Amino acid sequence: MPAGLSIPIGNRFYDWIYETEPEPFMNGRRIYQGRGKVLGGSSSINGMIFQRGNPLDYERWAADPGMKEWDFAHCLPYFKKMENCLAGGDDFRGYQGPLKLERGPASTPLFQAFFQAVQQAGFELTNDVNGFCQEGFAAFDKNVFRGRRLSAARAYLHPVMNRSNLKVICRAHALYIRFDGNRAVGVDFSYKGQKVSLQSGEIISCGGAFNSPQLLQLSGIGNPNDLEPLGVKIVHELPGVGENLQDHLEVYVQHACTQPVSMQPALRWWNKPWIGFQWLFFRKGPAATNHFEAGGFARSNNQESYPNLMFHFLPLAIRYDGTSPTGGHGYQVHIGPMFSNSRGSVKITSKDPFAKPSLRMNYLSTLEDQKEWVEAIHCARKILGQSAFDEFSGGEISPGPSVDSDEEILEWVRRDGETAYHPSCSCAMGTGTQSVVDPKNFKVHGMEGIRVVDASVMPYVPNANINAPTLMLAEKAADLILQNTPLPKQAQEFYRA
């Protein structure tokens, strides 16, 4: 059920429920980090927002040494390969892939007021944030098809579960990768309380930004200064493992709504049986959407070459955990900078594979990061303060009018900021001294038989929700691993400010 987003988030049956170490620039808070604990990984518990990122994100990737085949022209064919964009479009979009994408109608009064307000604030609308021009505001694509979440598992795995060369083992926990010299020869994992050793000529770690570096470190690949004190035998010195961790931090700017046009009635217990009936039997109604049906991308100042802010508009004032600040009608904008230059790390704390790694994001640790946050809140308030919302706004309820100065804004972000669930870059592709993965084949540098394919290999977090870029990486990795001829690049012109 797409609208049931708050159910898996923070639920130990579906979520690993990580948290950071006390963040030194966030008042020492431990920031919750949700990660999917089911087939499909985090695509089975996320917000179902499909965004590729800006084409210039991939030009930035390609500018690093050894990364020239990761520019937008080389990535675009793989985005198109995986997509079935049901809303139509142009040569930027794919229409035959396994990932069917619905586009939010965003037609209710609050969404229409939002689109008017962004224009009044001096921003543009765009036809498709995944098309020619990401900059601007539009209805969003979502990983929802016929009223159901379309996770990576449903799109890719479930249709091929009967293949003779595929065996899926659930409730198994990877312990270590075994090596013969510099070649990975197998993996040990725990299953039903027993250790199982599996021989393999090729191992692909897809554990994500936390678990891939954790598994490499447990297996002796990483920085000796971190591993040797824990008694981990060094197999290969690779100091970049677990470094360069990046994420998006976000807050909600929330308003009370004076008219009964928000989605708040869907939260009332006496309406839930009917909403559930509509979804269960017809796959329609308030439960059949993620409600993140619109938003956009903007530059916080004219010095930025492309958007550095992402907005999601929600016709409801609510947190990810399902709590509402007022219990009444409301609406909110999720806002956060996309290009934070703060960097964190993932480090194991013991040889125990079941011990969660130490996570440090270092949110708000740089002056540039802090400056962009102040600009982001001013930008969100500028939009929500436009006359298009006059007939609806009952006033700002978070952070509220008492938060006004730059320092008050930063203190509120330190107190209220949450992850946008986009951890990445902790086993970065590249050829430099801090890189971990070879961009030509996804092999771990200096090793044979072990590759990493997940969001951890991104060199920089894209200007977007990262599910779609991760799937693109996986599509391209499949060709490179199988030594297929890569899809020819598509030199498509895109918008540049």
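Contact here means heavy atoms within 4.5 Å. This is a predicted model, in which local features need pLDDT of at least 70 and side-chain atom pairs count only at pLDDT 80 or more, while totals for chains, interfaces and linings use all residues. Residues are numbered from 1 along each chain as its sequence is written, and side-chain values use heavy atoms, with hydrogens and water left out.

**Stop 1: Val413**

Select Val413, in helix 9. Helices are DSSP runs of H or I with at least four residues, strands are runs of E with at least two, and both are numbered from the N terminus. Set aside the neighbours within four places in sequence. Val413 is then in contact with Met26, Arg29, Leu249, Val251, Leu364 and Trp373. Is Val413 buried or exposed? Val413 counts as buried, because its relative accessibility is 0%. Buried means under 20% relative accessible area, exposed over 50%, and partly exposed in between, with a 1.4 Å probe and protein chains only.

**Stop 2: helix 8 against helix 9**

Show residues 367–384 (helix 8) and 406–416 (helix 9). Two packed helices are described by the angle between their axes and the distance between the axes. Here the axes come within 10 Å and cross at roughly 95°. Axes are lines fitted to C-alpha atoms, for helices over the stretch in contact, and angles run from 0 to 180 degrees between N-to-C directions. Helix 8 and helix 9 are therefore roughly perpendicular. That label covers 65 to 115 degrees; under 35 is roughly parallel, over 145 roughly antiparallel, and the rest oblique.

Which residues of helix 8 and helix 9 meet? From helix 8, pick Gln370, Trp373, Val374, Ile377, His378 and Arg381. From helix 9, pick Asp406, Ile409, Leu410, Trp412 and Val413. The residues of this contact divide into 7 nonpolar, 2 polar and 2 charged. Ala, Val, Leu, Ile, Met, Phe, Trp, Tyr, Cys and Pro count as nonpolar, Asp, Glu, Lys and Arg as charged, and the others, Gly among them, as polar.

**Stop 3: Pro399**

Step back to the loop between strand 22 (393–398) and helix 9, where Pro399 sits. Check omega between Ser398 and Pro399. The bond is a cis peptide bond, with omega about 5°. Most residues other than glycine have a negative phi, and most peptide bonds are trans.

**Stop 4: two positive phi values**

Go to Met48, in the loop between strand 2 (32–33) and strand 3 (49–50). Its phi is near 65°, a positive value in a residue other than glycine. Met48 counts as buried because its relative accessibility is 1%.

Next, select Gln483, in the segment after helix 10 (467–482). Gln483 is not a glycine, yet has a positive phi of about 60°. Gln483 is exposed, with a relative accessible area of 74%.

**Stop 5: Phe114**

Jump to helix 3 (residues 109–120) and pick Phe114. Phe114 is buried, at 0% relative accessible area. Beyond its neighbours within four places in sequence, Phe114 is in contact with Phe137, Gly295, Phe313, Val333, Ile383 and Phe389.

**Stop 6: helix 5**

Select residues 208–218, helix 5. How many of its residues are buried? The count is 11 of 11. Just after helix 5, Gly220 takes a positive phi of about 95°.

**Stop 7: the spaces**

On a 1 Å grid over the protein atoms alone, a cavity is a set of points where a 1.4 Å probe fits but cannot get out; a pocket is an open set with protein on both sides within 12 Å along at least five of seven lines; lining residues have an atom within 4 Å of a point. Grid points are joined across faces, edges and corners, and a volume is the space filled by probe spheres set on the points.

The structure holds 4 cavities of 30 Å³ or more. The largest cavity has a volume of about 100 Å³. Of its 13 lining residues, Asp247, Leu249, Ser340, Tyr363 and Asp369 lie nearest the centre.

Finish at the second largest pocket, with about 610 Å³ of space. Its lining has 27 residues, and Ala3, Gly4, Leu5, Ser6 and Leu267 lie nearest the centre. Helix 7 gives the most to this lining, with 3 residues.
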